[in-house]
Amino acid sequence: MKKTGAEILWECVVREGVEVVFGYPGGANMPIYDAMLSYPIHHVLVRHEQGAAHMADGYARASGKVGMALATSGPGATNLITGIATAMMDSVPVVFVTGQVAAHLIGGDAFQEVDVTGITLPITKHNYLITRADEIAEVVREAFYIARSGRPGPVLIDICKNAQVEQAEFKYPADVKLPGYQPVDHAPKDSLEHAVKLIEKSQRPIILCGHGVLMSNAEEALINFAIKTQTPVASTLLGLGAFPASHELSLGMMGMHGEVHTNMAIQNSDLILAFGMRFDDRVTGTLKTYAPHAKKIHVEIDPSEVHKNVAVDVPLVGNLKTVLTDLIPMVDEYDHEEWKKQINEWKAEGDSRSIMNWDPDGKLHVAHLVADIWKATGGNAIVTTDVGQHQMWTAQYYALDRPNRWLTSGGAGTMGFGLPSAIGAWFANKEEEVWAVAGDGGFQMTAAELTTAVQENANVKVAIMNNSFLGMVRQWQEFFFEKRYSAVNMLSPNFVKLAEAHNVPARLVTKLEEVDEAIAWARSIKGPTVIEFRVEQEEAVYPMVPAGAALDQMIQRPLKS
Amino acid sequence: MNYTFIALVENKPGVLNRVASLFRRRNFNIESLAVGRTEKPDISRMTVVVDCPNGDMDAHKIEANLYKLVNVIDVQDVTHQPSVTRDLALIKVMVGPDKRAEVNSLAEIFRARIVDVAADSLIVEITGTEDKIEGMIELLRPLGIVEMVRTGQVSMTRGVTDGVRRMPGVNGNRFEDLSEMAEMAP
């Protein structure tokens, strides 16, 4: 049957299971928007294309499906860039479809023409430029397959306007033919046996659980492996939620702002089992002294991550879930009592410094507020953040027992991610409670999406932690630049009035006794709300591994009774 | 030292740009890159010579990153394999009739050819390994080289032996006849 290119796009997209897309129309994608009306697609009109990218990203992270965002050519497409890079760095499957000027105009600096495939080459897993309608079906099929398989990631399709309106014979491709793209599933048997030997010899093993555990749905396999071998589990920032925080083997977050006992355990371990993580500089500290006594087993789907930062003894390249499922029957049961006891001693020392033990001083501390939200929501909300101090405190104190409920920009560290990703996550599961924890700086970067939330009646709760500073930069200036504060004093608008101008109910909280009531108030409203918390201004996130220091050379939390 | 890779890629627009962009992005230094069609019309073949200061570790990184490109089908490292390697150069030398004989005798020794003669210049075409071409250039330089162009190196392994493939499992690479990734660790 003959169809227009735009119709073929939607025929394919619907077959991929897409129900909601986030986007912004413009001159070069109008045929796509016109054809969309005939298909069962809910479109969310954003206020800035960056918002569309983060929403599609948040939708993908919370749902485990492929997210989708649309933008027009030129500035519409370039506004997506930060969001595409964010998805790339965190391996999130999103398909971006941008309009492009007609094929015969390409290269002529036509109105709103930008070389989008050129710009996005390094920040997409793959991208396509389509100049003819008959290319669309095959490319869309491939794009969704590439986005979700192997190491997931964003794929961009740039479609020339003529290809959207021209007609072509539509036949949905039965399968994808990609001779150069065949991800590995199983790891070879002799490598597995080699790994088992290292596990047998180990007295002090530790699992480093990364985003890959969530991406390959390996949570159950991880729990089974950890329990069978009684191996403690430390998590990267993005791996939080993959292993239940309340489990006795859980060590919480590792790295720059990880817990002391977690980093101590890594540094003193004799075997590291790295599952779907990539030894980022934020989790290793200086590589010169990283886990000096540990043999290393690295289970990873992307061969280019193996030996990239840390040379490992046994690389197991393959799908994490498959590899773990293969490995579990091969390993024996252990108890590792000594090792767990040692870790618990370190933990007791760290716990004595917990901010939770502080006496109330009348001020609002972000860590306490996060804990209050955790209590009110039973630890069951989907939580998104911006980037900075509040992000670290949320990672430390919103303890998650379930997967795919922690949405944060880890690799790229994108401010402004919190609100739009929360809206996207709400579309993934409208029954779930969604909280966006934001800083005063990051919130202002994408605050315009409040109106998007209103238009969609997205039930998203925003908690702005307002310390009138760009907090993390301020902390670094305090620690490493002799407290010479440069460009970190931040004047903010009246957030309550701002929210109300968007028709979002809002409250300002300045006193401790108002906190619980305000959280309850926000939860009682069906629809978006904003709470601004005026928090302690010059607080620092602890523990902290200074840049370039060894992982166990942490600045500890100050002791306060 | 320089490593030589042979990459088979899909013959599609933009693939060369993807490969070149990858090398730039990951901070690898390309010494030479030659691309051309193969016996199969939908497959192009690249010979890439890259400086690898960390030896096999860098070679591992390059192979792994090349496979991240969806259009890259196969990568072999032929650095340590018996292989035939060729580079072609056209060298324009500023010589009049008095010195043509001298250039001609040099060309004969190197099995090069004079492919163009003008009143006060001539063009020498030479094919061979990089060393051989460098040798010829050194001898022609005193006579006055005014222009030179080189194709970059192309390589092919001898007999039926393939190069080294370091990525077991990827794109249907078999596990057993591949060098183990574990051996790449320093």
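**Figure 1. Burial and overall form of chain A.** Of the 561 residues in chain A, 54% are buried. A residue is buried if 20 or more other C-beta atoms lie within 10 Å of its own, exposed if 12 or fewer, and partly exposed in between, with C-beta atoms placed from the backbone. This is a predicted model: local features need pLDDT of at least 70, side-chain atom pairs count only at pLDDT 80 or more, and totals for chains, interfaces and linings use all residues. Residues are numbered from 1 along each chain as its sequence is written, while chains are lettered from A and ligands numbered from 1 in the order in which they are written. Chain A holds 23 helices and 20 strands. Helices (H or I, at least four residues) and strands (E, at least two) are DSSP runs, numbered from the N terminus. The radius of gyration of chain A is 24 Å, which agrees with the value near 24 Å for a compact globule of 561 residues. That radius is taken over C-alpha atoms, and the globule rule is 2.2 Å times the number of residues to the power 0.38. Along the principal axes, the C-alpha atoms of chain A fill a box of roughly 70 × 65 × 40 Å. Among contacts in chain A with a separation of 6 or more, 77% involve residues 24 or more positions apart. Two residues are in contact if their C-beta atoms, placed from the backbone, lie within 7 Å.

**Figure 2. Helix α3 crosses helix α18 in chain A.** Two packed helices are described by the angle between their axes and the distance between the axes. Here α3 (residues 49-63) and α18 (residues 418-428) of chain A have axes that come within 6 Å and cross at roughly 45°. Therefore α3(A) is oblique to α18(A). Axes are lines fitted to C-alpha atoms, for helices over the stretch in contact, and angles run from 0 to 180 degrees between N-to-C directions. Angles under 35 degrees count as roughly parallel, over 145 as roughly antiparallel, 65 to 115 as roughly perpendicular and the rest as oblique. Ala, Val, Leu, Ile, Met, Phe, Trp, Tyr, Cys and Pro count as nonpolar, Asp, Glu, Lys and Arg as charged, and the others, Gly among them, as polar.

**Figure 3. A:Ala53 and its surroundings.** A:Ala53 sits in helix α3 of chain A. A:Ala53 counts as buried because 33 other C-beta atoms lie within 10 Å. Leaving out residues up to four places away in sequence, A:Ala53 touches A:Ala69, A:Leu80, A:Gly83 and A:Ile84.

**Figure 4. Helix α5 of chain A.** Helix α5 covers residues 81-89 of chain A, and its buried residues are A:Thr82, A:Gly83, A:Ile84, A:Ala85, A:Thr86 and A:Ala87. These buried residues pack against α3, β5 (94-100), α6 (116-120) and β7 (155-160) of chain A. Just after α5(A), A:Ser91 has a positive phi of about 55°.

**Figure 5. Backbone exceptions in chain A.** Most residues other than glycine have a negative phi, and most peptide bonds are trans. A:Ala291 has a positive phi, near 35°. A:Ala291 lies in the loop between α13 (281-284) and β13 (295-300) of chain A. A:Ala291 is buried, with 25 C-beta neighbours inside 10 Å. A:Asn404 also has a positive phi, near 55°. The loop between α17 (389-397) and β16 (406-407) of chain A holds A:Asn404. A:Asn404 is buried too, with 21 other C-beta atoms within 10 Å. A:Tyr542 and A:Pro543 are joined by a cis peptide bond, with omega about -10°. A:Pro543 follows β20 (529-534) of chain A, in the segment after that strand.

Figure 6. Chain B has four helices and nine strands. Its elements run β-α-β-β-α-β-β-α-β-β-α-β-β from the N terminus on. Of the 186 residues in chain B, 33% are buried. At the interface, 22 residues of chain A are in contact with 27 residues of chain B. Strand β14 (residues 314-317) of chain A gives the most to the chain A side, with three residues. By class, that side has 15 nonpolar, six polar and one charged residues.
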